Amino acid sequence: MSALRDTDPALYALLRAEERRQFEQIRLIPSENYTSSAVIEATASVLTNKYSEGYPGKRYYEGQEVVDQVEGLAIERAKALFGAEHANVQPYSGSPANLAVYVALCKPGDTILGLSLPHGGHLTHGWGVSVTGQFYKPERYEVHPDTHRLDYDAIRRKALEVRPRVIVAGATAYPRTIDFEAFGAIAREVGAYLLCDIAHIAGLVVGGVHPSPVPHADVVSTTTHKTLRGPRGGLLLCREAHAKAIDKAVFPGLQGGPHEHTIAGLAVALAEAAQPDFKLYARAIVDNAKALAEALLERGFRLVTGGTDNHLILIDATSKGATGKELSRAMALAGLEANMNTIPFDPRKPFDPSGVRIGTPSVTSRGMGAPEMIAIADFIARSNESRGDPQALERIRLEVAAMCRAFRPPVGAAALYIPGRGAE
Ligand SMILES: *Cc1c(COP(=O)(O)O)cnc(C)c1O
């Protein structure tokens, strides 16, 4: 980064500080990851200089002979990796991708049925503060009051009652496998379109550790930067029958020029995710999450649904006498990044909820395994006991940094997941 260092020392220093922070902390936010250096190089490329409104072969500006091939590569790799008939790689992120689906399939005021936000759904599944809950008529399903799992009979009843135009299957804080086939059957029965939003689990799907929604969905949306380990962006996959409507909704419906530098980074990430190593990576994410969940249960934490099938764990902090905010703050001071989160039927308010959401995609990218998951559970338990004791939390932070030094993130190093790579 010598040009940046010379041109803008202040910004250069900030980037170095962030790099260091990402190196020295245990990053447990389940929607974050470390991309490879190859992804970062493609994303930080000359493609940021180019306008390319339209789609490959149908552009409005000249000079597209290279860009068309870049976007074409990303499209072909996405279709092959997910087994989809059509791919649109232009959405700027997951939220605009979801809006594009509604624009393609609905008229304003049509009903969207999605998982309630406090039960693990996403803002863009029709929550009121999102335009998706204002331009369309939002209806909600919830998890089962006892098991806190999706209740497909209840979802079917709700769908029969409200007759939605689109049913959204997918979540941002749900620790269990989603039965996309069951959603597909419900959607067909009520004559709704099915949108499967796999923003969190796309990497698990292509890694073969979560069933794919592609055979069951009209449209699949995802972010590209969570378990998929690409640059920040969005991706839509759909049946050929919806291809025209989806493409039109993204451009010119919602967006202007696509971010071809991001699309190039996505092409690299999709090629990485097609490697055999990526299956090991996805398996290791889930194995690590199960090991971490087990170790937390042994230390007396209550977990929503009692454990996990995927990359994500929802801790009920109140089971250890803390609020979600108190626990996530104590963890942050000890060098463990997470986020506070509501839990299903949370009696507390969203800005001070009962839960803390953690996940294993980032620590797995660093090559951490079962022994480190037990160490992390210990760090979390000790952080909780040391709430309000800055010196004790600082002592934990030094131990955390020492463990992190043995597990290099892939940034600036190898591209792909290598178990136990860290130790050098
Ligand atoms: C993260 C996420 C999104 C939104 O992605 P952004 O890139 O933050 O806009 C949409 N849906 C789900 C389920 C998500 O987890």
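Let's start with Leu14. Leu14 is exposed, with a relative accessible area of 56%. Keep in mind that this is a predicted model. Leu14 sits in helix H2, which covers residues 9-24. What does Leu14 make together with Met1, Leu11 and Leu15? These residues form a nonpolar surface patch of about 370 Å².

Stay with helix H2 for a moment. Arg21 is in helix H2 too. Arg21 is partly exposed, at 30% relative accessibility. Its salt-bridge partner is Glu337. The closest N and O atoms of that pair are 3.0 Å apart. Is Glu337 buried or exposed? Glu337 counts as buried, because its relative accessibility is 11% and the cut-off for buried is under 20%.

Now the other salt bridges. How many salt bridges are there? The count is 22. As background, side chains of opposite charge can pair when their charged atoms come close.

Take Arg59 and Glu71. They form a salt bridge, and the closest N and O atoms are 2.8 Å apart. Arg59 lies in strand S3, residues 58-59. Glu71 lies in helix H4, residues 67-82. So the pair ties together parts that are 12 residues apart in sequence. Both Arg59 and Glu71 are buried.

Next pair: Lys158 and Glu139. Their side chains meet in a salt bridge at 3.9 Å, N to O. Lys158 is in helix H6, residues 152-162. Glu139 is in strand S6, residues 137-141. The pair links distant parts of the chain, 19 residues apart. Lys158 is partly exposed at 22% relative accessibility. Glu139, at 17%, counts as buried.

Salt bridges with shared partners join Arg59, Asp68, Glu71 and Glu260 into one network.

On to the strands. Look at strand S8, residues 193-197. Four of its five residues are buried, so S8 is largely enclosed by the rest of the structure. Which strands does S8 pair with? One is strand S7, residues 166-170. S7 and S8 run in the parallel sense, over five bridges. Within that pairing, Ala169 has Cys196 of S8 as its bridge partner. How does the chain get from S7 to S8? It crosses through helix H7, residues 180-190, and this β-α-β crossover is right-handed.

The other partner is strand S9, residues 219-223. S8 and S9 also pair in the parallel sense, here over three bridges. Leu195 has Val219 of S9 as its bridge partner. One general point on strands: in a regular strand the side chains alternate between the two faces of the sheet.

Last topic: the cysteines. How many disulfides does the model have? The count is zero. Take Cys238, which is in no disulfide. The nearest cysteine sulfur is that of Cys196, and it is 13 Å away. For a disulfide, the two sulfur atoms would have to be within 2.5 Å. Cys238 counts as buried, at 5% relative accessibility. Cys404 is buried as well, at 0%.

Conventions: Residues numbered from 1 in each chain as written. Predicted model: local features only at pLDDT ≥ 70, side-chain atom pairs only at ≥ 80, totals over all residues. Heavy atoms only, no water. Buried < 20%, exposed > 50% of the residue type's maximum accessible area, 1.4 Å probe, protein only. Patch = residues over 30% accessible without salt bridge, like charges linked within 9 Å, V, L, I, M, F, W, Y side chains within 5 Å. Areas by Shrake-Rupley, 256 points an atom, 1.4 Å probe, with all protein chains shown as cover. Salt bridge = Lys/Arg side-chain N within 4 Å of Asp/Glu carboxyl O. Helix = DSSP H or I, 4+ residues; strand = E, 2+ residues; numbered from the N terminus. Pairing = 2+ DSSP bridges. Right-handed = clockwise from strand over helix to strand, strands pointing away.
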